[in-house]
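Work through the exercises below with the model open. Each task is followed by its solution.

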Amino acid sequence: MIKVGVVGATGYTGEELLEVLLRNPEVKITCLSALVERETMISDLYPKFGKKISLLCKNLDVEEVSAGSDVVFLALPHTVSMAVAPQFLKNGKKVIDLSADYRLPAEIYEEWYKTKHTDPENLHDAVYGLPELNRDKIKGAHFVANPGCYPTGVILGLLPVVKAVVDAGLTIIVDSKTGATGAGRKGTIPLSFGEIDENFYCYKANEHQHMPEMEYILSGVVGAEVQVNFAPHLLPIRRGILSTIYIQHKGLPGENEIHKMYEDHFREEPFVRLRPPGEMPQIQDVAGTNFCDIGIKVARGMLIIVTVIDNLLKGASGQALQNMNIMSGLDERTGLL
Ligand SMILES: NC(=O)c1ccc[n+]([C@@H]2O[C@H](COP(=O)([O-])OP(=O)(O)OC[C@H]3O[C@@H](n4cnc5c(N)ncnc54)[C@H](OP(=O)(O)O)[C@@H]3O)[C@@H](O)[C@H]2O)c1
């Protein structure tokens, strides 16, 4: 049995982690913590965990969580993760961080997150936890930086073609739409029901903090600078991200040829599904699952790639469990739908 502690258990991704961990027969959830006024049973905070998890959710005590866990998930806001990760790592725990703190080199992180990186030492060791890209590194890792939600869908959509696109000097345009849980549980006015319901808007166009993550990871894949133009939008739904990626080029290969590149790339991937040429996936196809579904269309000198994921699963907690399974030598599908 793998003993697991969840720090940030009361947030959206923490809640989702508990759901997937409960379905993994190799896991025993041992410690829960968050910022709580007083120690409270998780089943009092989330009645759906009644008779399933009998644990107190406590304020974080690193030594107590370390003593009770083999693996610690950090489902914390950025900056909070890098304040606690070093202590868990020092205590010899395997750590999977869902925040942005360990995904980027310090100078890019500091520019986009407007704060100093306080743990450059462990940053160096963190493996970017996208299994479809880094499975072998994740296998031997003790510290994984789980990817951001938008980058997960966008990077998967581009992996089979990005090198050819960059070699040809083409522009990548990404237009993504997310459900409201993508921003976490703490409310703000733009995320309130009155602003979101029956509405649809674009925010942070070409200045969202996930854009440098896409660029950094894709540049590493290609071995040359990749530029992504990114416009995120907020949909009036709870969960799911649909990303539409546009690449324009008169000399594109035909649809069947490009489709074959995707097929070859993802054939063995347990959580990536490809639609037939010209058929596009929908958010409802993947909501509640760890899948990324991909559709491509080539017409009028344009390649359009559509990817869909559940932001809380493949975009966060599902992928985090997939990473834990890989780190622990389990079948990576264990506990995941
Ligand atoms: N939401 C998504 O779709 C998504 C996808 C990918 C990655 N992420 C990343 O995952 C992380 C968690 O996201 P989320 O959506 O779950 O956020 P959230 O709903 O705001 O939850 C944050 C959690 O962290 C706890 N917390 C905050 N400050 C703390 C502190 N100083 N010490 C201990 N616990 C503290 C909160 O406790 P209280 O509730 O008690 O304050 C809560 O349990 C973020 O870094 C986010 O960027 C989120």
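**Ligand site**

The space taken by the ligand is the largest pocket (an open set of points on a 1 Å grid, with protein on both sides within 12 Å along at least five of seven lines). The model is predicted: local features need pLDDT of at least 70, side-chain atom pairs pLDDT 80 or more, while totals for chains, interfaces and linings use all residues. Numbering runs from 1 along each chain, and side-chain values use heavy atoms, without hydrogens and water.

**Exercise 1.** Find which residues come nearest to the ligand.

*Solution.* Start with the 26 residues around the ligand (a heavy atom within 4 Å). Thr-10, Thr-13, Leu-35, Leu-76 and Arg-185 come nearest. Now sort the shell by class: 12 nonpolar, 11 polar (Gly among them) and three charged residues.

Methods. On a 1 Å grid over the protein atoms alone, a cavity is a set of points where a 1.4 Å probe fits but cannot get out, and a pocket is an open set with protein on both sides within 12 Å along at least five of seven lines; lining residues have an atom within 4 Å of a point. A molecule sits in a cavity or pocket if more than half of its atoms lie within 2 Å of its grid points.
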